[in-house]
Amino acid sequence: MNKLALYFRLIRLDKPIGTVLLLWPTLCALWLAQQGVPDWRLLLIFTLGTFLMRSAGCAINDYADQDIDKFVKRTAERPITSGRISGKEALAVAGVLTVLAFCLILPLNALTKQLSVAAVIIAGTYPYFKRFFAIPQAYLGIAFGFGIPMGFAAITDSVPVVAWLLLLGNVFWAVAYDTEYAMVDRDDDLKIGIKTSAVTFGRYDVAMVMFCYAVFLLLWLGCGWYLGLRYWFVGGLVVAAGCAAYHYTLIRARERMPCFAAFRHNNWLGAAVFAGVVLDFAFR
C-alpha cells in the first residue's frame, strides 16, 4: 500500500489541477466541433484520455527532473528524487498509462490516432525543454492544448484553421498560468540554471502574465464569434477576464504562496470559458 501511495503521488492523483487545465480546452473543442453536446462515448474517451496522459506526463517529468527536483523546495520530496521510486518504475508507469490512453482512441478515426502520436511526443519531450528553451511554458501550452485539434479531428475528421488558432490561444493561457507557477520556484531555478518564463521575463513577469491572458481571451473571442457563439460565450469570457484581474492582485507582490494560489485559481478561469460555450449552445 505504501508503494501504491507513492505511485499515486508520482502521477499527481493528489493534485488534480493539471488534469482540469488540460480538460477545459479539450471539452470546449468537443462542443465547438460538434456545435452542441458531443456523443457521451466521445466525452468519456477524451476525459479518461486526458487523465491518463496527464498522469503519464507527470511520471516522465519526474524521471527527467530527478537530479534537479532535490534542489527545489517544493519538489525535493517527490517519489523519484527522494529515492522511494526508481526511474525505471516511473518509466514503466508512464508506459502503461500511455498504452491505456492509446487503447481508448482505437475506435476513433485515423487522423485522431495520428495526432495522438504527436501528442505523446510533445508530452514526452516537454521536460527537456527546460534545459535550453527560454520559455518552456509555451511548449507546455501545446501539450496541454493538443486535445483541441484532436477533438476536432475526432468529430469532423479534419482540423480547421480555427482549431489551430484556439490551440494558439491556449498556448498563451498556459504561459500565463505556468509563469505564475514558475514564480513560486524562481529563486531555486536561478540557482540551478533552469530556464522558465518567470526567469526569462524577469521584472516584466507580471506584465507578461497579464498580456498572455489578454491574448488568450481575445483569440478565443474571435474564434468563438467566427463559430457562431454570441452572448453567453462572451459572458463566460468576461468572467474569465475577471479571474485574470484577480490573479493580478495575487501575483503583483511576487510572493510564493499567492502566486501558487493564482495558478490554482485558473481552474475557475477555464471553467468560466467552458460554461460560456455550453450555455451558448444550450440556449439557442
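The protein has 13 helices and zero strands, where helices (H or I, at least four residues) and strands (E, at least two) are DSSP runs, numbered from the N terminus. This is a predicted model, so local features need pLDDT of at least 70 and side-chain atom pairs count only at pLDDT 80 or more, while totals for chains, interfaces and linings use all residues. Residue numbers start from 1 along each chain as its sequence is written, and side-chain values use heavy atoms, with hydrogens and water left out.

**Figure 1. The whole protein, before zooming in.** Reading from the N terminus, the elements go α-α-α-α-α-α-α-α-α-α-α-α-α. Along the principal axes, the C-alpha atoms fill a box of roughly 55 × 45 × 35 Å. A compact globule of 284 residues would have a radius of gyration near 19 Å, and the protein agrees, with 19 Å; that radius is taken over C-alpha atoms, and the globule rule is 2.2 Å times the number of residues to the power 0.38. Of the 284 residues, 52% count as buried, with buried meaning under 20% relative accessible area, exposed over 50%, and partly exposed in between (1.4 Å probe, protein chains only). The accessible surface comes to about 12800 Å², and 69% of that belongs to carbon and sulfur atoms; the areas come from the Shrake-Rupley method with a 1.4 Å probe, and for residues only the protein chains shown count as cover. As for contacts (heavy atoms within 4.5 Å), take those with a separation of 6 or more: residues 24 or more positions apart account for 75% of them.

Figure 2. R12 sits in the loop between α1 (2-10) and α2 (17-34). Its phi is positive, about 60 degrees, although R12 is not a glycine. For background, most residues other than glycine have a negative phi. R12 is buried, at a relative accessible area of 9%. Its side chain meets that of D62 in a salt bridge (2.8 Å, N to O); the term asks for a side-chain nitrogen of Lys or Arg within 4 Å of a carboxyl oxygen of Asp or Glu. R12 lies in the loop between α1 and α2 and D62 in helix α3, so the pair ties together parts that are 50 residues apart in sequence. D62 is buried too, at 1% relative accessibility.

**Figure 3. N61, a buried residue in helix α3.** N61 belongs to helix α3 and counts as buried, at 11% relative accessibility. Leaving aside residues up to four places away in sequence, N61 touches R12, R78, Y126, P127 and K130.

Figure 4. Q35 is in the loop between α2 and α3 (40-64). Here is another positive phi in a residue other than glycine, near 60 degrees. Q35 is partly exposed, at 38% relative accessibility. Further along, D39 is partly exposed at 33%. D39 forms a salt bridge with R41, with the closest N and O atoms 2.9 Å apart. At the start of α3, a side-chain oxygen of D39 also reaches to within 2.8 Å of the backbone nitrogen of R41. The helix itself has 25 residues and, at 1.5 Å a residue, should span 36 Å; its end C-alpha atoms are 36 Å apart, which agrees. The expected span here is 1.5 Å times one less than the number of residues.

**Figure 5. D205 and R186, a salt bridge between two helices.** The side chains of D205 and R186 meet at 2.7 Å, N to O. D205 lies in helix α11 (residues 205-226) and R186 in helix α9 (residues 186-192), so the pair ties together parts that are 19 residues apart in sequence. Both D205 and R186 are buried. Elsewhere, salt bridges that share partners join R12, D62 and R78 into one network. The count for the model comes to seven salt bridges.

**Figure 6. D188 in helix α9.** D188 is found in helix α9 and is buried, with a relative accessible area of 4%. Not counting residues up to four places away in sequence, D188 touches F71, V72, K73 and R256. D188 and T200 are 12 residues apart along the chain, and their C-alpha atoms are separated by 14 Å.

How values were computed: Polar contact = N/O pair within 3.5 Å; in protein donor to acceptor, adjacent residues only side chain to side chain.
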